[in-house]
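The sequence and structure are shown first.

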Amino acid sequence: MDKKKKIIIGLSLSLFFIWASPIIKAQTPNAIQFGNESHKYDINNDSITFFLKVLDENGKRMTQVEASDLEEHFTLIEDQDTVPRDRWEVNTLTEGQRIPADFTISVLVDLNIPKDGKKQIFNAVASLVESANDSCVYLSFFGDDVTQSQLVTKQNCKDFEGRFKNGTENKCFYSALYGKLSEFEWVEGSLKDSIKWEDGYDDQKNEEFKKRVQNGEGKNLLFVFTESSILPDIEEIDFPAFVDYNAKAVYAPKVFAFFYDAGNGISEDMESTLQGVTEPRDADHDIIPNRQGFYMPSNSIDSVVNSFKQVVRNEMYDFALTYKVPDKKIYSGGAVNYEALWDGQKIGLEAFSIGTPENPWPKRPESTGDSFVKYLIALLVTLATIVLFIIIMKILIPGVKSRVFSTKYYKPYKPVALSENVKNVKLKCPLCRTEIMPGDKVVTKCKHIMHVKCWKSNEYKCVEYGQNCKEGIQEHIHWKELFGMGTVRDCYLAIMGIMAGLVSWIIYELSGRGLFKSIATGIVTTFFGNEAHSLSIVSECVNKVSSFLTIGLLLAFFLSLIFRYYDGIKRKDWKSLLKIVGLSILSSAIGMAAFALGSIILCLCLSPESTNIPWYYSFPAYLLFSLCTSLSLTIKSTIPIKSALLGGLASAVIGFLVLYFSSVTNKRGSWLNMLLDFVIYGGGLGASLVTVRMLAEKYFLVIKDGIKAGTKIPIHKWMNANGGGHKVTIGMTQQCEIMMNWEKSNKVAKEHVQLYIDHAHSQTMMKPLAFTVFNTRTELNSNNKPVPLFNNDTFKIGDTTFQYVEN
Ligand SMILES: [Zn+2]
Ligand SMILES: [Zn+2]
């Protein structure tokens, strides 16, 4: 052919292709498959990348589609919003990336295959290695024995070429299949010791392989090359033994068997084994769909190698779609749904979990101004939370209780006829001393029936309350005292809890919202153990668990620190403070352990199909944390277990709901959600403790004479009515709760009297341990039985007179 002709033919050929190419491209894809979502938790790296694969109507990968086609026809929809065209770009994956890192491909080669054949297989494996991530491809051989699977990378690939040249006389076919299965599988086969491994086979070396196999859902593949010229050795492992092991296997790969028929035909045993391994069946004899590979016999080595290449090609991804996150968009957990449209037709759908409520993504760089504004808002939110708690505790709850009381006990007076003959006894109001007429509005809470008007003028209580009446009192809103110090005093534990929440949150933010990445990785990889999970959800879980552990550490520590400090410690010296810090470290360890346990539950809940973490999976972790932390607060403190448990339960539920609902509704200021969770949790726990305190806060001793005259000692902090059975001892030694160091006479014993609550009768008792004058007349000493203390009773120790007062 002369040069001219060549050019003409060349030109017309290229013209033909230019003309024909739109026709080839016009073929519409049937589906788009998403794979391997990735996004990094780094500042400024705010883009999400997916791998994409375009499939035809037979589910085969369409190789003729190009990046430019996607740019023309493709639309990405994120949670119903179309992602603007200028925010995403498509890149054709280069060789070496097309098979993502979460794939594991094991290639097993029969050394009996003729030399030429093995050479072609080596070349095909080499090109697979070129296309794949460097951690994906493993290679092994069988003949006289079975070799250990070894990682093949672009670097070391050439080194394996020589191995393909080895010949062999034997074919330990069953050992090979059984052995490869055992490399993938955590369950040991019963004939494990009969596998003819090569000398120096090391079970330990396989550990890494086993670990990565767990992470690939449907991405574990085994390619088997074998042939017909030599029959399989007769081994202890046979076809039934193999089928039995394969049925039990959990991580068994999808198997593709390529059989080269050198003209001898295939033995029945080999054929049924290869068919069995490529189409494993469950107990009901149905093919397990996600493990279905295929068995491909052929009498040409070319077509054997070609079918291998085809399978590999079909598993490959073609494109990486990178999507720049909108400037203000924050992802804080839950499923983000992605849809793929091709010319407006929906052909792909996938949901991914991006960010968590605890650690929203992306983190954007903050200028000093931004940070200032952020912490200022945080402070204002904290103040608003305090106001909210005061409103709830001092207005809402008393208001409701008062209303309930009024409807229950405010009634028109109805005289009770004692009998027909006896006239009704006239009833006088104990306050205004006028007769109560039938129909008058009265309060019927206690036996001292009063006018409602008089009841209210007497501060919403019975005139006898405190002396002869224990129940005649109504809770109500003290409007006049609302803005006084009393309110702060009543709510101080809630306020302190909120402040502890704020401090914890500030450290949480400054520390980068997750301090325990490596422990978290350990927990997640260990407890994802039973199932295979996609890599993106694994990284999401690690982030979440790391945040959990940090929250546990900080919140438990600061809440314990603050509640214990205000829990009426006797002396605020360095020893007591050290003890408080020590106990708080214990609390934070308990908090972390509880969150770790909750994280394990979270991991176990996630199935291999999960592509995102549902919000309610986090609840057990928060609940466990809250209960364990509040219980830890009762160690060596006067906080009763019952109120700690109830408080822990209530604040866990409220804090969790606030966090997860605000995450759903408030996508922009996601750090705010976490702050709200922290302060509401702390405040809630404090409020529940203070409520119990308020109920019990009514026992006082007032010193009536001497230099300490007028001093009011709250003794309820030692004598908790709700449990504990704590005692208050008065005497001269440091061991006494009340040490009478002001008393100059030598009439006071080391331990002089002991006060305690008789829980059976809810009665405060005084046990004399030395000479004590009771109510100025009765002389008591250590032989006397304990006496009940009523409001305003007095007792004299040495020269000091104490008056017992109940509020
Ligand atoms: Zn009255
Ligand atoms: Zn009364």
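The count of aromatic pairs comes to 44, where rings of Phe, Tyr and Trp (its six-membered ring) pair if their centres lie within 6.5 Å, with planes under 30 degrees apart counted as stacked, over 60 as edge-to-face and the rest as tilted. The pair of Phe-225 and Phe-258 is stacked, because the ring centres are 5.2 Å apart and the planes stand at 25°. This pair links distant parts of the chain, with Phe-225 in strand E9 (residues 220-227) and Phe-258 in strand E10 (residues 254-260), 33 residues apart. Strands here are DSSP runs of at least two residues, numbered from the N terminus. Phe-225 is buried at 1% relative accessibility, and Phe-258 is buried with a relative accessible area of 1%; buried means under 20% relative accessible area, exposed over 50% and partly exposed in between (1.4 Å probe, protein chains only).

This is a predicted model, in which local features need pLDDT of at least 70 and side-chain atom pairs count only at pLDDT 80 or more, while totals for chains, interfaces and linings use all residues. Residues are numbered from 1 along each chain as its sequence is written, chains are lettered from A and ligands numbered from 1 in the order in which they are written, and side-chain values use heavy atoms, with hydrogens and water left out.

Ring pairs also link a cluster that includes Phe-548, Trp-615, Tyr-660 and Tyr-681. Two charges sit over rings (NZ of Lys or CZ of Arg within 6 Å of the ring centre and within 35 degrees of the ring normal), as tabulated below.

| Charged residue | Ring | Distance from ring centre |
|---|---|---|
| Arg-85 | Trp-88 | 4.1 Å |
| Lys-712 | Phe-700 | 4.4 Å |

Cys-432 lies in the loop between strand E15 (410-412) and strand E16 (441-443) and His-451 in strand E17 (residues 450-451), so the pair ties together parts 19 residues apart in sequence. Cys-432 is partly exposed at 32% relative accessibility, whereas His-451 is buried at 13%.

Strand E20 (residues 728-731) and strand E22 (residues 753-758) pair in the antiparallel sense over 3 bridges; pairing requires at least two DSSP bridges. Val-728 stands opposite Leu-755 in E22.

Terms used:
Helix = DSSP H or I, 4+ residues; strand = E, 2+ residues; numbered from the N terminus.
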